[in-house]
Amino acid sequence: MARKAVSVPSPAATTAPRPRSSGPARHWWIHLILIVAIVVVASPLLFALIKSTQASDVVIGPSMLPGGHFFENLASVWSGAHLGRYMLNSFIVTICVTSGKTILSLLAALAFVYFRFPLKNVAFALVLFTLMLPTELLIVALFDLISGTLKWADNYAAIIVPFLASATGTFLFRQHFLNIPASLSDAARIDGCGPLTFLSKVLIPMSWNTIGALAVIQFVAAWDQYLWPLVIMQSDDKQVVQVGLRRLIDAGGQTDWGAVMAGAMVTLIPPLLVFTLLQEQFSKGFALGQDK
Amino acid sequence: MSLTFSRPPRKPATSAAAPPEERATFKSPVLPWLFLLPTFIILAVFLYYPAFRTLRLSLFRSNIILGNETFEGLGQFAELLNSPVYHQVILQTVIYCALVVVIGLLIAMGLAWLASRPIAGAKFYRLMLIYPYALSPAIAGTIWLFLFNPEIGVINNILASLVGTRPRWLDNPLLAFGLVVLAAIWKGLGYNVVFYLAAIQNIPGEVTEAAAIDGATGWQAYWKVVFPLLSPMTFFLVFTNLIYALFESFGLVDILTRGGPVYGQTGITTFLIYQLYEDGFRNFKTGVAAAEAVLMLIMVGVITVMQFRYGNRRVHYGA
């Protein structure tokens, strides 16, 4: 049955017959609350942004006037405190983890949905069960394994490989594939299509929203990694930017706050960009947007 | 950590649809295992094996640097559960989680509801509320560390000129605890608003209209109609936020307070995950850290099982 999703209320919804008038006058307090809220939410970031533009003698003072020193500040941490290096490392790690997770989850979901094989339920349970094993809790043993046995402590592999499989991704793609009509895969097989061709020619083109949604959450999660890289990464020139932020603060005796704020602002850009670009896929992929 | 974002709640429409049928389009005894192989290798080597090792380590008193170990049985668990320090860590973690989850969700729900009213600029408001999704705990910690710096932070500059006081935010236990709670709520707001906005979109318009016809004021409609209708989403978010508070607090705490300042037995912002890190990698008490990990694994297990058991049974609205 089709439910009407009166969602993000469009102008049409406002003009539809309503029992009570909802003119702008009644809404002033809603505007007031929302404006106060967004100012409060934005103020720490605005503060950081303004401070990141000030010269180092102004930063420590009370002045909240924007200055013209953003690039100067950024330059001092970019090369001086290795921020550029940290950013590059985070890019490498995040892109590897995000694409690896997507590919591995697609393959796993393909196996779970389009094949019948013995022990399938057990295999699926083994994947789902890992939701209860967050890496943060395994750091002691994982440190032992990766730094002791595998000797990866100064290798990108240490912060990429353990995160390549994704229960969430497998689960999401499986749900999505199950909603694709079975007739499609039957037709594909009759046409002589193998499973991998079917995946690349049919399933993936039909899954961009789910892929996009997953990419957003995996990108943000991988970009935000902090505890594990802090523990495992021995060589500073392979460290990620989140841990790098701590190094920027600690660098030297006196923290150069203008430079640190410039660093924080730049660190914020990639996830913000990914989230903004894929926002539509994000809502649609989770079926958050509108009713089908 | 990906767990924070795991398991979006199933849409009511999907649960109302026919159960997804089993497919066996392709026939091959080998191919499915081949496709699953990379996932299983990763899960086995980097999750199941370390989990098993953690369990084993928790039974030995060991030092990862010296590489020695002696069997302790459940001794380290008994030690932890009898330790006043660990009691305090558990208690402050519970209080922290409760505050972050309850306050964070109440604020997010209210703001998401207001921002989805048919008002001018609603789209702009929604955008301005969800972008904090891109904030990381470490960035939040970094900005707040400067914001609340006693000498040069803007908060104290304002307070000094208004009331002539410069509180030492990060040295006062109560203030430091409050700051960490506020920063965590701020960081989590975008995520919660995104999911609440989505849930509000799925509320059938007739329901709120009917409430309006019956003479409900905006406030009554919110508490009596909208709040209950959002309960499945709230339920989902309680769990994701709990996991978020348990683990992602680490980056925030590590930068903002380093677990301090000391109050009673230990630092007041030393939460379970921070204690685990300290014991494992600062004090090199590997066995104790492993025992703490096992206790937390049990907590996560209970939380996850509860979500799976009760999450899907919740009353759904519509259709």
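Which side chain meets that of Asp236(A) in a salt bridge? The partner is Arg247(A), with N and O 2.5 Å apart; a salt bridge here is a side-chain nitrogen of Lys or Arg within 4 Å of a carboxyl oxygen of Asp or Glu. This pair links distant parts of the chain, with Asp236(A) in the loop between H13 and helix H14 (241-250) of chain A, and Arg247(A), eleven residues apart from it, in helix H14 of chain A. Helices (DSSP runs of H or I, at least four residues) and strands (runs of E, at least two) are numbered from the N terminus.

Before going on, a word on what you are looking at: this is a predicted model, in which local features need pLDDT of at least 70 and side-chain atom pairs count only at pLDDT 80 or more, while totals for chains, interfaces and linings use all residues. Residues are numbered from 1 along each chain as its sequence is written, chains are lettered from A and ligands numbered from 1 in the order in which they are written, and side-chain values use heavy atoms, with hydrogens and water left out.

Asp236(A) has a relative accessible area of 29%, so it is partly exposed; buried means under 20%, exposed over 50%, and partly exposed in between, using a 1.4 Å probe and protein chains only. Arg247(A) is also partly exposed, at 32%.

Now look across to the other chain. Arg246(A) and Asp254(B) form a salt bridge at 2.3 Å, N to O. Because Arg246(A) lies in helix H14 of chain A and Asp254(B) in helix H12 of chain B, this pair joins two chains. Arg246(A) is buried at 14% relative accessibility, and Asp254(B) is buried at 0%. Both belong to a network of salt bridges that includes Arg258(B). The whole structure holds nine salt bridges over all chains.

Within chain B, Glu72(B) pairs with Arg61(B), the closest N and O atoms being 3.2 Å apart. Glu72(B) sits in the loop between strand S2 (68-71) and helix H3 (75-82) of chain B, and Arg61(B) in strand S1 (residues 60-63) of chain B. Glu72(B) is partly exposed at 29%, as is Arg61(B) at 31%.

The whole structure contains five cavities of 30 Å³ or more. A cavity is a set of points on a 1 Å grid over the protein atoms alone where a 1.4 Å probe fits but cannot get out, and lining residues have an atom within 4 Å of a point. Of its 14 lining residues, Glu136(A), Asp224(A), Tyr226(A), Leu227(A) and Glu248(B) lie nearest its centre. Helix H7 (135-149) and helix H13 (227-232) of chain A, together with helix H12 (249-256) of chain B, each give two or more residues to this lining. H7(A) gives the most, with three residues.

Finally, turn to the surface of chain B, where a nonpolar patch has about 900 Å² of accessible area together; its residues include Leu91(B), Ile107(B), Trp219(B) and Phe227(B). Patch residues have over 30% relative accessible area and no salt bridge, and nonpolar side chains (Val, Leu, Ile, Met, Phe, Trp, Tyr) are joined within 5 Å. Accessible areas come from the Shrake-Rupley method with a 1.4 Å probe. H4(B) gives the most to the patch, with seven residues. Ile107(B) lies in this helix and is partly exposed at 38%.

Key:
On a 1 Å grid over the protein atoms alone, a cavity is a set of points where a 1.4 Å probe fits but cannot get out, and a pocket is an open set with protein on both sides within 12 Å along at least five of seven lines; lining residues have an atom within 4 Å of a point. Grid points are joined across faces, edges and corners, and a volume is the space filled by probe spheres set on the points. Patches are made of residues with over 30% relative accessible area and no salt bridge: like charges are joined within 9 Å, nonpolar side chains (Val, Leu, Ile, Met, Phe, Trp, Tyr) within 5 Å.
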